[in-house]
Amino acid sequence: VSVNVSGSTGRLFFNGSTFNGTVNVTKTDNNGDFSSGNNVFNGTTTLTNTGDGYILMGNTNRDQFNGVTTFNNNGGYRIYLAYNHGGQTTTFANDVFLNTNKSGRTDAWSYLICEGTNTAVSFGGNVTINCGGTLQSNHRILQGTGTQATYAGTVTVNATNTHTSTSINMGANGTSVFNGNIVLNNPGGINGIYFNNGASAASTLAATRTITIGGSGFVAGTLSLPRFTQLGSTLQTLTALSGTAILTVGPSSNFAGDVNFAAPRLFLNGAVYGGTASFEKTGASGDFSTGGNTFNGSTTITNSGSDEFVLGNGNADIFNNTVTFNNTGSYRIRAAYNHSGQTTTFNGNVTLNSNKSGGTDSWSFLFGEVNDSNLLFNGLLTINCGGTLRSDHRFLNGTGSAGSLKGPITINIAN
């Protein structure tokens with residue numbers, strides 16, 4: 001087809017055609033339409049769903065989109081892309097926009113990409129997900145076993161949707177490669193943006209690239225980064241989370257460069273940090289991290305919030321360099337909390353700084369609280385207890401817990 005194609009139709013099937021002009025088509029009815037794929041869209045393409053059925057692309061064969069491509073889900077149901085074509089890759093050579101503003105029905109989903117086994121998708125330009133509206137509008141990418149996604153450009157998520165159950169899953173079961181930056185915004189307060197939800201899912205961020213919070217902020221919900229690997233030494237900064245937002249890192253994640261992470265709620269659930277690392281909990285809920293982390297660079301851990309920050313609840317942590325703990329909030333820091341038969345190890349010097357800012361809780365630091373949770377300090381231990389509020393410290397409260405201090409200890413009490 002060498003002319004421009006535009007219009008609206010009740011049912012919409014793309015079953016093996018080449019479009020050399022622009023395509024702008026709207027589906028309006030309540031039926032679900034399975035397109036068999038094998039299409040080539042060479043011009044700017046816009047596909048819109050305003051009905052209560054679904055648009056489904058790529059069922060059996062891949063599609064190729066060579067121009068800027070926009071999908072609009074303004075109806076009551078879903079859009080499927082690269083649905084099921086095992087061993088083939090749907091390709092987008094230019095920028096892609098996934099826009100949502102659903103108008104009705106109770107279906108929870110908006111976009112589903114790569115649902116079938118061994119189905120792949122490749123994005124050659126930037127990808128922008130604009131998830132708006134007030135209705136639940138979940139996104140899921142890579143549901144199928146063995147699915148793959150490759151992103152050459154910047155991936156931007158703008159979650160202005162206000163439904164608190166909406167989630168954006170950037171990798172359910174397959175593997176993703178991000179060769180551009182990742183920018184995440186959640187000003188609407190959706191349930192969260194999740195990478196690699198399933199145990200088989202994993203993501204790689206290319207060297208020199210970053211994952212950041214965008215200018216609209218991240219005010220609620222979860223940013224989850226399990227099985228997320230950063231290549232190269234570029235600093236990663238995630239500090240613009242606010243309100244009641246949650247940042248969860250791990251399990252099986254790896255950041256080769258320096259990191260600076262801060263959030264109202266912060267969970268360190270099993271990652272390797274290769275460079276200098278700074279973590280700050282700022283909010284009002286108690287956060288129990290499962291541990292299993294390895295910190296290879298100089299590390300700073302701060303609680304400036306009004307509830308406790310707990311490390312090592314399930315697995316021991318390893319600190320291979322200097323570590324500084326700062327309690328400047330109104331509650332506690334617990335480390336090596338509960339990992340029976342395991343030892344949290346500090347191979348560098350450790351400093352505990354206490355200068356609490358409010359509250360009535362009497363404790364500041366508690367290490368080795370639950371039975372058989374062990375501690376090993378291979379360097380210096382310095383305790384600086386300042387401020388005007390009661391700030392008790394306790395080590396090895398758990399029955400059977402053991403500690404070894406191989407260097408000198410200095411205690412400075414200005415409290």
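**Close-up views of a predicted model**

**View 1. Asparagine 186 and its polar contact.** The side chain of asparagine 186 comes within 3.0 Å of the backbone nitrogen of isoleucine 190. That's a polar contact, meaning a pair of N or O atoms within 3.5 Å; within protein, one must be able to donate a hydrogen and the other to accept it, and residues adjacent in sequence count only if both atoms are side-chain atoms. This is a predicted model, where local features need pLDDT of at least 70 and side-chain atom pairs count only at pLDDT 80 or more, while totals for chains, interfaces and linings use all residues. Residues are numbered from 1 along each chain as its sequence is written, and side-chain values use heavy atoms, with hydrogens and water left out. Asparagine 186 belongs to strand S21 (residues 182–186); helices (H or I, at least four residues) and strands (E, at least two) are DSSP runs, numbered from the N terminus. With 0% relative accessibility, asparagine 186 counts as buried (buried is under 20% relative accessible area, exposed over 50%, partly exposed in between, using a 1.4 Å probe and protein chains only). Beyond its neighbours within four places in sequence, asparagine 186 is in contact with Ala159, Gly217, Phe218, Val219, Ala220 and Gly221, contact being heavy atoms within 4.5 Å.

**View 2. Tyrosine 273 in the largest nonpolar core.** This core has 81 residues, and Phe195, Tyr273 and Phe325 make the most contacts inside it. A nonpolar core is a set of buried Ala, Val, Leu, Ile, Met, Phe, Trp, Tyr and Cys residues joined through side-chain atoms within 4.5 Å. Not counting residues up to four places away in sequence, tyrosine 273 touches, among others, Val249, Phe255, Leu268 and Phe279.

**View 3. Two aromatic pairs.** The structure holds 34 aromatic pairs. Rings of Phe, Tyr and Trp (its six-membered ring) pair if their centres lie within 6.5 Å; planes under 30 degrees apart are stacked, over 60 edge-to-face and the rest tilted. Tyrosine 273 and phenylalanine 295 are stacked, because their ring centres are 5.3 Å apart and their planes lie at 10 degrees. This pair links distant parts of the chain, 22 residues apart: tyrosine 273 is in strand S32 (residues 271–273) and phenylalanine 295 in strand S35 (residues 294–295). Both tyrosine 273 and phenylalanine 295 are buried. Phenylalanine 319 and phenylalanine 325, on the other hand, pair edge-to-face, with 6.1 Å centre to centre and 65 degrees between the planes. Phenylalanine 319 is buried at 2% relative accessibility, and phenylalanine 325 is buried at 0%.

**View 4. Arginines over tryptophans.** Arginine 140 lies over the face of tryptophan 109, at 4.5 Å from the ring centre. Over the ring of tryptophan 363 sits the charged end of arginine 394, 4.4 Å from its centre. The rule here: NZ of Lys or CZ of Arg within 6 Å of the ring centre and within 35 degrees of the ring normal.
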